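Trainee: Could you walk me through one part of this model in some detail? I'd like a close look at a single residue first, and then whatever else is worth a glance.

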Amino acid sequence: MEIHDEWEDKLDKDEWYFSNSFESITKGMSSEEAYNYIPNVLDLLLKLDNDFLIWETIYFLIELYSIADTTQIHPYFESNWSVLTQYLKNYQDSYATPFKELKIQLRIKD
């Protein structure tokens with residue numbers, strides 16, 4: 001029997017689980033707080049090994065940049081850009097869609 005992850009149970013009960021969770025984190029966040037939170041999300045992103053979770057986390061990163069209201073790439077993000085790009089190439093769905101959207105939002109050319 002395969003162990004069912006806790007997030008999967010929560011998602012089964014609430015299809016908006018991630019959206020609601022991310023909203024609870026960002027609620028009331030200033031643009032500066034959102035910008036400063038980006039390294040936390042990047043660190044998490046590089047630890048994930050599930051395409052679905054990576055997908056959701058990239059969209060959370062996109063939301064943080066929207067709240068931060070900037071296209072300025074966080075210095076921590078910039079220093080880890082190539083590592084993240086290489087890592088995400090292992091997750092085709094996330095690399096193809098949300099990562100592409102993030103690059104568009106940040107005006108990053110391939």
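Trainee: Let's take Thr85: is Thr85 buried or exposed?

Mentor: Bear in mind that this is a predicted model. Thr85 is buried: its relative accessible area is 14%, and the cut-off for that label is under 20%. As for where to look, Thr85 sits in helix H6, which covers residues 81-88. Start with its side chain: a polar atom there lies 2.8 Å from the backbone oxygen of Trp81. That makes it a polar contact, because the limit for such a pair is 3.5 Å. Now set aside the neighbours within four places in sequence, and Thr85 is in contact with Tyr95 and Phe99.

Most residues other than glycine have a negative phi. Arg107 is exposed, with a relative accessible area of 64%.

Asp69 is another one to check: it isn't a glycine either, yet its phi is positive, about 55°. Look for Asp69 in the loop that runs between helix H4 (51-68) and helix H5 (75-79). Asp69 counts as exposed because its relative accessibility is 67%, and the exposed label needs over 50%. So on the accessibility side, Thr85 is buried, while Asp69 and Arg107 are exposed.

Terms used
Residues numbered from 1 in each chain as written. Predicted model: local features only at pLDDT ≥ 70, side-chain atom pairs only at ≥ 80, totals over all residues. Heavy atoms only, no water. Helix = DSSP H or I, 4+ residues; strand = E, 2+ residues; numbered from the N terminus. Buried < 20%, exposed > 50% of the residue type's maximum accessible area, 1.4 Å probe, protein only. Polar contact = N/O pair within 3.5 Å; in protein donor to acceptor, adjacent residues only side chain to side chain. Contact = heavy atoms within 4.5 Å.
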